[in-house]
Structures are given as structure tokens and as C-alpha cells.
Amino acid sequence: MTDPDADGLLAEQLLRLTRRLHRSQKRQLEQAEIRITPAQSRLLRALAHYDAPPRMADLAARLEVVPRAVTSLVDGLEAVGCVRRAPDPGNRRVTRIELTDTGRAALRALRDARRAAAEDVLAPLTDEQREVLGGLLSALVDGRAEGRC
């Protein structure tokens with residue numbers, strides 16, 4: 001049986017590590033002069049997973065938010081030229097959201113910032129330790145123990 005205090009300490013360490021990672025990523029983005037919110041960056045990353053421009057409802061479902069939240073995010077990203085609304089060729093009542101060249105450049109900058117932040121946070125670990133940590137985090141994210149189905 002695990003010590004509840006030890007679990008509490010682990011949870012606190014994970015929270016502190018997450019905050020450190022976010023601060024480092026924020027610094028990287030500021031240095032690159034990318035001024036988008038974490039929620040907007042999440043929407044850009046979601047857009048990149050689609051082969052064809054998705055509907056707002058598709059994005060809301062993928063991001064697990066209400067459609068109104070997506071509208072606000074798209075409004076902000078459209079204002080800075082990262083996305084554009086486009087009519088659906090098959091149904092003119094439907095609007096699709098397209099990533100622009102500016103949006104693709106912002107996405108590359110976001111990826112670079114995330115990579116640099118991860119390198120900063122993970123610098124004390126060896127390659128082997130990083131691999132072990134990756135496996136442990138995957139088990140936690142997936143909600144299962146290593147080796148179980």
C-alpha cells in the first residue's frame with residue numbers, strides 16, 4: 001500500500017513541474033514574439049491534425065469544449081491572421097476553419113517553444129531516464145499500469 005503523503009508529494013511535484021514547463025514555454029514564445037494564449041495554441045494544434053478544414057463543431061468535440069468557446073478562440077486567431085473562416089463547398093450553412101500561412105508559422109514557433117521548454121526542464125535527465133519518465137507518464141495519461149491491458 002502506498003503512503004498517502006507520498007502520493008500527495010508526487011502530485012505536488014507534478015504540478016510544480018507542469019508550472020515550470022509552462023513558464024519556460026511562455027518565455028520561449030515571448031522571445032519569438034508569438035502572442036497567443038494557451039487555449040489558442042491548443043486550437044492551432046488541433047487544427048493541424050485534420051486533413052481537411054474542420055467545422056467549429058468538430059473542433060469543439062476534439063477540444064472537449066462548448067462550441068461558443070471555439071468561436072471565441074477562432075475570433076482571436078482570425079484577428080491575428082492565423083486562421084480564416086471558409087464556406088463549406090457542400091453546405092453553405094456550414095463554416096470551415098482553415099489554417100493560414102501565418103497560422104502554420106505560429107504552429108512551428110509553438111512546436112519550437114515546446115521543444116525548447118522540454119529540453120530546459122529535462123536537461124538534468126539522461127536519455128535512459130527520459131525514456132523511463134516517458135513510459136511512466138504514458139501510463140499515467142492512459143490511466144493504466146505498465147504491463148496491464
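**Note on the core, helix packing and salt bridges**

1. Val83 is in contact with Leu44, Leu47, Val74, Leu77, Glu78, Ile97, Glu98, Leu99 and Thr100, when its neighbours within four places in sequence are left aside. The model under discussion is a predicted one.

2. Val83 is also among the residues with the most contacts inside the largest nonpolar core, together with Leu43, Leu44 and Val70. This core has 24 residues. Two or more of its residues come from each of helix 2 (38-47), helix 3 (56-63), helix 4 (67-79), strand 2 (91-99) and helix 5 (101-122). Helix 5 gives the most, with 5 residues.

3. The axes of helix 2 and helix 5 are 10 Å apart and lie at an angle of about 110°, which makes helix 2 roughly perpendicular to helix 5. In this contact, Ser41, Leu44 and Arg45 of helix 2 meet Gly103, Ala106, Leu107, Leu110 and Arg114 of helix 5. These residues divide into 4 nonpolar, 2 polar and 2 charged.

4. The count of salt bridges comes to 8. One of them joins the side chains of Arg84 and Glu98 (2.7 Å, N to O). Arg84 lies in strand 1 (residues 83-88) and Glu98 in strand 2, so the pair ties together parts that are 14 residues apart in sequence. Arg84 is partly exposed, at 40% relative accessible area, and Glu98 is partly exposed at 24%.

5. Asp88 forms a salt bridge with Arg96, with the closest N and O atoms 2.6 Å apart. Here Asp88 counts as buried, at 11% relative accessibility, whereas Arg96 is partly exposed at 23%.

6. Asp75, Glu78 and Arg85 are linked in a network of salt bridges; Glu78 is also one of the contacts of Val83.

Terms used:
Residues numbered from 1 in each chain as written. Predicted model: local features only at pLDDT ≥ 70, side-chain atom pairs only at ≥ 80, totals over all residues. Heavy atoms only, no water. Core = buried A, V, L, I, M, F, W, Y, C linked by side-chain atoms within 4.5 Å. Buried < 20%, exposed > 50% of the residue type's maximum accessible area, 1.4 Å probe, protein only. Helix = DSSP H or I, 4+ residues; strand = E, 2+ residues; numbered from the N terminus. Contact = heavy atoms within 4.5 Å. Axes fitted to C-alpha atoms, helices over the stretch in contact; angles between N-to-C directions. Parallel < 35°, antiparallel > 145°, perpendicular 65-115°, else oblique. Nonpolar A, V, L, I, M, F, W, Y, C, P; charged D, E, K, R; others polar. Salt bridge = Lys/Arg side-chain N within 4 Å of Asp/Glu carboxyl O.
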